[in-house]
Amino acid sequence: MPQLDPLDWAPQLIWLALTFGVLYLLMVWVALPRIGSVIDKRAAHIKGDLEAADKLRRETEDAIAAYEQALAEAKQKAHGIVEEGRAKLKAETDAERAKLEKKLAARSAEAEARIDEAKASAMKDVNAVATDVAADIVRQLTGTAPAKGDIEKAVTAARKA
């Protein structure tokens, strides 16, 4: 085996040092700068993405806060509109109720007046009928007609008792 022959060691060591040196120089001047630049670009890209993500997160939080504020204002405004409508409707309902109560009171008063008239008229007729009936009864029992004033007094006294 030529690798183990001590006479071949010197040229092999020279070629080893020469190859190692060339490869070392290629790595230092070509490969490592390219790898470093790729790593730096990647780090810068990641940093930029993180900054953009943080910026977007802040914008999103601001947008959510603005949305929640607008939603709260809209709810408050809607509540105000509902309360205003409720108050307006209550006022209209109260006004209508007052009108109806006034009409009903007027109709009730008219009805009571008609009832009182009918009652008074009926009572007049009752007195007249009672007087006539009493006069007929007395005439049939006694055969003579009593005085009309006496019969009216008796009917009035009987009604009061």
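Q: What should I know before I start?
A: In this predicted model, local features need pLDDT of at least 70, side-chain atom pairs count only at pLDDT 80 or more, and totals for chains, interfaces and linings use all residues. Residues are numbered from 1 along each chain as its sequence is written, and side-chain values use heavy atoms, with hydrogens and water left out.

Q: How many helices and strands does the protein have?
A: Helices (H or I, at least four residues) and strands (E, at least two) are DSSP runs, numbered from the N terminus. Here there are two helices and zero strands.

Q: Where does helix H1 bend?
A: A bend at a residue is the angle between axes fitted to the seven residues ending there and the seven starting there. Helix H1 covers residues 9-142, and its bend of about 45 degrees falls at Met 27. Just after H1 comes Gly 143, with a positive phi of about 90 degrees.

Q: What radius of gyration does the protein have?
A: The radius is taken over C-alpha atoms, and the globule rule is 2.2 Å times the number of residues to the power 0.38. For 161 residues, a compact globule would come near 15 Å, but this protein has 61 Å. Along the principal axes, its C-alpha atoms fill a box of roughly 190 × 35 × 20 Å.

Q: What percentage of the residues count as buried?
A: Buried means under 20% relative accessible area, exposed over 50%, and partly exposed in between (1.4 Å probe, protein chains only). Of the 161 residues, 2% count as buried. Ile 46, in helix H1, is partly exposed because its relative accessibility is 42%. Phe 20 has 58%, so it counts as exposed.

Q: Why is the pair of Phe 20 and Tyr 24 stacked?
A: Rings of Phe, Tyr and Trp (its six-membered ring) pair if their centres lie within 6.5 Å; planes under 30 degrees apart count as stacked, over 60 as edge-to-face and the rest as tilted. A search of the whole structure gives one aromatic pair. The ring centres of Phe 20 and Tyr 24 are 6.4 Å apart with planes at 20 degrees, so the pair is stacked. Both residues lie in helix H1, four residues apart, about one turn of the helix.
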